[in-house]
Amino acid sequence: KSCAYILPYGTPTHKYTNYAHICRHAYVLEYSGRYKIPLWTAHILHPEYTVGCRDRDDSFSVDRSIPRSFQSTPSDYEGTVYDKGHMVSSADMAWDGLTMRETFIMTNIAPQLQGFNRGIWRRLEDQTRAWAQERKHTLLVYSGVIQPDTTYAIGRNGIAVPSGFFKVVVDTATNEVLAF
C-alpha cells in the first residue's frame with residue numbers, strides 16, 4: 001500500500017504465478033521467483049529529477065528480502081553475452097544516493113544482450129528523461145519482460161532470458177501514452 005501512489009492505474013496483470021510484490025523508496029515491481037527476474041517495474045519520473053548529480057557505481061547486490069532459492073546474483077551474468085539490464089534506469093534515480101543504489105538490487109535486473117542494453121534500451125531511457133524535461137510533466141514509466149522462459153537460462157541460479165522487453169510511458173498531465 002505504501003507504493004500505491006506509483007500505481008494510480010493499478011498493477012499490470014500477467015499470467016505468471018510465484019511472484020513477489022516489492023516496494024522500494026521510488027519504484028515498485030513484481031519479481032518472479034521462478035524466473036528470477038522482474039516481471040514489471042513502475043516508477044514516477046519527475047522533470048526536475050531527470051538530471052541527477054550522482055555517479056553510477058555499478059555496485060549490483062543480491063536482494064536479501066526474498067528467499068535464497070529465488071535470488072539472482074551478479075555472478076550469474078559472468079561469462080555470458082548478457083548485461084545486467086536495469087528495468088528502472090539508474091539514471092532516473094540519480095537524484096538521490098539511496099534511490100540510485102536500489103536500482104542495482106538484482107530484483108530490478110534482467111538479462112539483456114549487450115547491444116540491446118547499451119543501444120536501443122539506453123536510448124529509450126535517455127529519450128524518456130528528455131520527454132519529461134521537454135513536457136515539464138511527470139511521467140509514469142512501466143518497464144518489463146516478455147515471455148521469460150526457463151528453457152534458456154543463465155548462471156548458477158538459472159536466470160530466465162526474456163524473449164523481449166516493453167516500456168510504457170504515461171504523461172500524467174495529458175494522459176498521453178507511448179508504448180514500446
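The model is predicted. Its largest pocket holds about 450 Å³ of space, the structure contains eight aromatic pairs, and a search of the whole structure finds one disulfide.

**Largest pocket**

- The lining of the largest pocket is made up of 21 residues, and those lying nearest the pocket centre are Arg56, His86, Ser90, Arg122 and Glu125.
- Strand S4 (82-86) and helix H3 (120-135) each contribute at least two residues to the lining of this pocket.
- Sorted by class, the lining of the largest pocket comprises nine charged, six polar and six nonpolar residues.

**Aromatic pairs and a charge over a ring**

- Among the eight aromatic pairs is that of phenylalanine 116 and phenylalanine 165, which counts as stacked because the ring centres lie 5.4 Å apart and the planes meet at 25 degrees, with planes under 30 degrees apart being the condition for stacking.
- Since phenylalanine 116 belongs to helix H2 (residues 114-117) and phenylalanine 165 to strand S7 (residues 159-171), this pair ties together parts that are 49 residues apart in sequence.
- Phenylalanine 116 is partly exposed, at a relative accessible area of 26%, whereas phenylalanine 165 counts as buried at 15% relative accessibility.
- A stacked aromatic pair is also formed by tryptophan 131 and phenylalanine 180, with 6.1 Å from centre to centre and 15 degrees between the planes.
- Tryptophan 131 lies in helix H3 and phenylalanine 180 in the segment after strand S8 (177-179), so that their pairing ties together parts that are 49 residues apart in sequence.
- Within this pair, tryptophan 131 counts as buried at 17% relative accessibility, while phenylalanine 180 is partly exposed, with a relative accessible area of 45%.
- One aromatic cluster is formed by Phe116, Trp121 and Phe165.
- Lysine 84 is placed over the face of phenylalanine 60, at 4.9 Å from the centre of the ring.

**Disulfide**

- The disulfide joins cysteine 3 and cysteine 23, whose sulfur atoms are 1.8 Å apart, and the link is right-handed, with 80 degrees about the S-S bond.
- Because cysteine 3 lies in the segment before strand S1 (19-23) and cysteine 23 lies in strand S1, the pair ties together parts that are 20 residues apart in sequence.
- Cysteine 3 is buried, with a relative accessible area of 5%, whereas cysteine 23 counts as partly exposed at 34% relative accessibility.

Technical notes. Residues numbered from 1 in each chain as written. Predicted model: local features only at pLDDT ≥ 70, side-chain atom pairs only at ≥ 80, totals over all residues. Heavy atoms only, no water. 1 Å grid on protein atoms, 1.4 Å probe; cavity = no way out; pocket = protein on both sides within 12 Å on 5 of 7 lines; lining within 4 Å. Points joined across faces, edges and corners; volume = space filled by probe spheres on them. Helix = DSSP H or I, 4+ residues; strand = E, 2+ residues; numbered from the N terminus. Nonpolar A, V, L, I, M, F, W, Y, C, P; charged D, E, K, R; others polar. Phe/Tyr/Trp six-rings, centres within 6.5 Å; stacked < 30°, edge-to-face > 60°. Buried < 20%, exposed > 50% of the residue type's maximum accessible area, 1.4 Å probe, protein only. Lys NZ or Arg CZ within 6 Å of the ring centre and 35° of its normal. Disulfide = S-S within 2.5 Å.
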